[in-house]
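Please look over the sequence and the structure displayed here before reading on.

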Amino acid sequence: MQLGAYSFGDTQLNPDGTHRSTAEAVRNLFDAIVHADRVGLDYFGVGEHHTVSMPASSPGAMIAAAAAATDRIILGSAASIISTDDPVRVFQQFAVADAISGGGRVEITAGRGSSVETFPLFGFDLRDYDRLYAEKLDLLMTINGSTAEDVTWSGSVRPTLDNLAVVPRPVGGRLPIWIATGGNASSSARAGQLGLPISYGIIGGEPHRFAPLVELYRRSAAQAGHTGDNIKVSVATFGLIAPTKEEALERFYPGWRNLNIEMGRLRGWAAPDKRQFDIQAEAPGAYFVGDPDEVAERIVQLHGHLGHVRHFLQADHGGLPQEYLLESIALLATEVKPRVERLLAAK
Amino acid sequence: MVSTIGILGAGRVGTAIGRAALGAGYAVNIAGSGAGADIELLVDIVVPGARAMSARDAVADADLVIVAVPLHKFRTISPGMLAGKIVIDTMNYWEPIDGRLDEFERDARTSSEIIRDYFPEARVVKTLNHIGYHELETDGLPAGHEERRAIAVAGDDDAAVAVAMQLIERFGYDAIYSGPLQTGTAFQPGTAIFGGRHSADELRAQLALASGQRPLSGAQLA
Ligand SMILES: NC(=O)c1ccc[n+]([C@@H]2O[C@H](COP(=O)([O-])OP(=O)(O)OC[C@H]3O[C@@H](n4cnc5c(N)ncnc54)[C@H](OP(=O)(O)O)[C@@H]3O)[C@@H](O)[C@H]2O)c1
């Protein structure tokens, strides 16, 4: 199983609680990706987010830079909000990064985004939410699936492409395209029908409860005649690894609390509840926060339910000190990974 | 006695409520926006035991209807279908998720009152909107358990409210009546109750606090 990290960028906090610069957050994210490559992590996902606290707005640019500075790690968006972007541009940016990487290390994960700030930002109407996503995904797949540079496509959300060149082509002919979902059953069915790999973002609850969704995904794929390597599952959750569970909790909780206070203010939630955190931070909760033994065990346990091929963790939010992020990434690659492999082999 | 529940919406909330209802012993009909056949596989796997139907069929023999469609789509439900039914409105006007909806921004009524007025012959109750859908299934506990959570219920029709409260209790929660539908403002997005976790006493206290803050209605002034 591949292990990885993902991030939306995490703007550091001043002692008085105000935000430091978003440029620094971008630089930290870049450094974390390069570090992840050095310590041997399999995957790094860059989210698309447009807030001061999480400013990773341009995964394509970040991944292109990271592609030049890394050797082995797989780089992907987690996810690209294609509804409010131009799929031609998204494809081009990732194909450029793919070329820079030498080929085969760059992926696109297409999603809708869990919040709607990209709609006013890029001038789209939320009433078109479903249609924008469906058509733009179709266009992205059409470009990716094309055997030639020239692409023809028409739809209602974007001008027609009539035999126009979309370059560069990926080194390996195609880019892997994943579908991101937060657990809406019809998204699982749709990803299966399209024959695309699926990436579950599990931000709460009990992750093993996603098993029926995975089954729906696999059966929808089989019904549509899709088999083979492309039918696979990845899982993204919160998580942080430290030498001990106690340290992991201590390091992760303040950022989680900050994030939830901010989200609560923005989204009208009640104040964060420590009880909720404590439940989520223990098996079978959704936060993979602990020492390498525990996190490895919980990933393998979840694998028994979901059969996922990749598990990747978001540790940095709410101003997690960069050194903790880097240590978590190193432990994930050097301590959790061998344990996961051992446990899976023993099954 | 309610034995069959019809759920409009087979999304995150609709399927979670469907499983909770099956677990509590109810028969469940569930519908998306299209034909029953479109969601048959989905329902078989994700809400095993429920019947996938069109919206019209799902509500036809239901003793209680749950509306769990995205708020901006409520007008795609034909109001005649729900005449005479007890209807639970689980929907929220939640700007960060729904975007800015002028029809709700510009209206002095609460979202559930707008829904009630759109379904004039239905007996609308607002509840199940302030608990996360994934918690609904995992957090239910037997009556009397010291950690049992509470869920608020608002509605104008006493008998309909009583039926909804019984459902909440069977899901494993203390049901707390907040008052007429307009008191639903106390547990909408942006309140201390929304998304929080409360015992019955804590919830009552929050509701009392909120009712102190609510402007008095004309009747109360007179
Ligand atoms: N997030 C929470 O924890 C939470 C908790 C309580 C309440 N809520 C509220 O619950 C509501 C639903 O949210 P959700 O996350 O479940 O949405 P969702 O996952 O997008 O699902 C919406 C469902 O409604 C269906 N639908 C649309 N129009 C319909 C119609 N006319 N008749 C029958 N079904 C129809 C859709 O079917 P198609 O796919 O066929 O269009 C889809 O199955 C929202 O108003 C939300 O605010 C959310």
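The sections below take up the chains, the ligand, a pocket and some backbone features in turn.

## The two chains

The model described here is predicted. In chain A, the secondary structure comes to 11 helices and 12 strands. Along the principal axes, the C-alpha atoms of chain A fill a box of roughly 60 × 50 × 40 Å. Chain A has 347 residues, and a compact globule with that number would have a radius of gyration near 20 Å; the value for chain A is 19 Å, which therefore agrees.

Chain B, for its part, has 10 helices and eight strands. The box filled by the C-alpha atoms of chain B, again taken along the principal axes, is roughly 50 × 40 × 35 Å. For the 222 residues of chain B, a compact globule would have a radius of gyration near 17 Å, and because chain B has 17 Å, the two agree.

## The ligand and its surroundings

The ligand lies between chains A and B. Around the ligand there are 23 residues, of which Asn184(A), Ala10(B), Val13(B), Ser33(B) and Thr76(B) come nearest. Divided by class, this shell has 12 nonpolar, 10 polar and one charged residues.

A backbone N or O atom of Tyr133(B) lies 3.0 Å from an oxygen atom of the ligand. For Val69(B), a polar backbone atom is 3.3 Å from an oxygen atom of the ligand, and for Asn92(B) the corresponding distance from a polar backbone atom to a ligand oxygen atom is 3.4 Å. On its own, the ligand has 930 Å² of accessible area, and the protein covers 83% of that area.

## The second largest pocket

Rolling a probe the size of a water molecule over the atoms shows where empty space is left. The second largest pocket has a volume of about 510 Å³. It is lined by 24 residues, and the closest to its centre are Ile279(A), Asp139(B), Glu147(B), Arg149(B) and Arg197(B). Helix H9 (274-280) of chain A and helix H7 (133-138) of chain B are the elements that give two or more residues to this lining.

Which element gives the most to the lining of the second largest pocket? That element is H9(A), with four residues. By class, the lining of the second largest pocket divides into four nonpolar, nine polar and 11 charged residues.

## Backbone features

Most residues other than glycine have a negative phi, and most peptide bonds are trans. Pro168(A) is in the loop between strand E7 (161-165) and strand E8 (177-181) of chain A. Another cis peptide bond joins Ala283(A) to Pro284(A), and its omega is about 0 degrees. Pro284(A) is placed in the loop between H9 and strand E11 (287-290) of chain A; H9 of chain A also gives residues to the lining of the second largest pocket.

Key: Residues numbered from 1 in each chain as written. Chains lettered and ligands numbered in written order. Predicted model: local features only at pLDDT ≥ 70, side-chain atom pairs only at ≥ 80, totals over all residues. Heavy atoms only, no water. 1 Å grid on protein atoms, 1.4 Å probe; cavity = no way out; pocket = protein on both sides within 12 Å on 5 of 7 lines; lining within 4 Å. Points joined across faces, edges and corners; volume = space filled by probe spheres on them. Nonpolar A, V, L, I, M, F, W, Y, C, P; charged D, E, K, R; others polar. Near = heavy atom within 4 Å. Polar contact = N/O pair within 3.5 Å; in protein donor to acceptor, adjacent residues only side chain to side chain. Areas by Shrake-Rupley, 256 points an atom, 1.4 Å probe, with all protein chains shown as cover. Rg over C-alpha atoms; globule rule 2.2 N^0.38 Å.
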